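Subject: Structure handover

Hello,

Here is the structure for your files. My notes on what was found in it follow below.

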Amino acid sequence: MDAKHEEILQRAQERVIEALAKNMDLYGITMSTGLLYGTLLFQDKPMTLDEMGEALGMSKTSMSTGVRTLMELKMVEKIWKKGARKDHYEVNLDWYQNFIDLFSLRWRSAAEYNVHAMKKSLQELRALLQSEELSDELRERVQTSIHRIENGLEYYDWLSRLIDSFETHEIFQFVPKKPMS
């Protein structure tokens with residue numbers, strides 16, 4: 001009967017691993033890196049790159065790339081194992097922090113890129129408004145563009161404060177974590 005139960009356990013874990021990988025793919029993390037994360041999630045012990053490659057049927061190079069990505073996102077940590085010559089890795093089990101690290105990094109990067117573009121455009125448009133040769137129609141279009149960009153900058157200020165609330169964990173004052181069982 002244990003073999004049957006083992007099969008049910010494995011199917012349930014594989015379903016979660018695949019769902020996580022597909023979800024992570026939506027956020028710009030490759031499917032293979034998502035599969036690696038899911039595989040590490042269900043391990044009872046840290047794994048080496050060789051063990052990961054064997055478990056997933058992928059090259060050590062692919063595993064190295066995936067682990068590096070997951071480490072940059074703070075979703076996987078390298079751990080020290082006494083007497084081991086190879087590096088071992090394990091998943092960070094704090095799902096809340098994983099979410100915060102992943103999204104804060106991506107949101108902040110995207111926001112900074114857009115704010116930079118908006119500020120540069122705003123500067124150019126304000127300079128354009130100083131031109132006496134500007135037709136009334138074009139002046140109105142420039143003013144409309146300036147207004148829309150200023151609204152966008154207000155949004156990115158709000159987004160930056162939202163990201164800050166995640167990073168400082170203030171968000172949990174408004175949306176508390178449920179106690180772990």
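Tyr 37 sits in helix 2 (residues 31-41); helices here are DSSP runs of H or I with at least four residues, strands are runs of E with at least two, and both are numbered from the N terminus. This is a predicted model, in which local features need pLDDT of at least 70 and side-chain atom pairs count only at pLDDT 80 or more, while totals for chains, interfaces and linings use all residues. Residues are numbered from 1 along each chain as its sequence is written, and side-chain values use heavy atoms, with hydrogens and water left out.

Tyr 37 counts as buried, at 3% relative accessibility. The classes are buried for under 20% relative accessible area, exposed for over 50%, and partly exposed in between, with a 1.4 Å probe and protein chains only. Leaving aside residues up to four places away in sequence, Tyr 37 touches Leu 20, Met 24, Leu 70, Met 75, Val 91, Asn 92 and Asn 98 (contact means heavy atoms within 4.5 Å). With Asn 98, the side chain of Tyr 37 also makes a polar contact of 3.2 Å. A polar contact is a pair of N or O atoms within 3.5 Å; within protein, one must be able to donate a hydrogen and the other to accept it, and residues adjacent in sequence count only if both atoms are side-chain atoms. Ala 21 is 16 residues from Tyr 37 in sequence, and their C-alpha atoms are 7.7 Å apart.

**Salt bridges**

How many salt bridges does the structure hold? There are ten, a salt bridge being a side-chain nitrogen of Lys or Arg within 4 Å of a carboxyl oxygen of Asp or Glu.

- Glu 18 and Lys 22 pair at 3.1 Å, N to O. They are four residues apart in helix 1 (residues 2-26), so about one helical turn separates them. Glu 18 is partly exposed at 39%, and Lys 22 is partly exposed at 44%.
- Arg 108 pairs with Asp 164, with the closest N and O atoms 2.8 Å apart. Arg 108 belongs to helix 5 (residues 95-129) and Asp 164 to helix 6 (residues 136-167), so this pair ties together parts that are 56 residues apart in sequence. Asp 164 is partly exposed, at 33% relative accessibility.
- Glu 150 and Arg 126 have their closest N and O atoms 2.6 Å apart. This pair links distant parts of the chain, with Glu 150 in helix 6 and Arg 126 in helix 5, 24 residues apart. Both count as partly exposed: Glu 150 at 30% and Arg 126 at 40%.
- Asp 50, Lys 60 and Lys 86 are linked in a network of salt bridges.

**The two domains**

The domain assignment gives domain 1 (3-93) and domain 2 (96-174); such bounds come from an automatic or database assignment. Taken over C-alpha atoms, the domain centres are 36 Å apart. Eight residues from domain 1 and six residues from domain 2 take part in the contact.

About 720 Å² is buried between the domains, and carbon and sulfur atoms give 58% of that area. Buried area is the accessible area (1.4 Å probe) that two parts lose on being put together, summed over both. Tyr 27, Leu 73 and Met 75 supply 59% of the area that domain 1 buries against domain 2, more than any other three residues. Between the domains there are zero salt bridges and two residue pairs in polar contact, both at pLDDT 80 or more.

Regards
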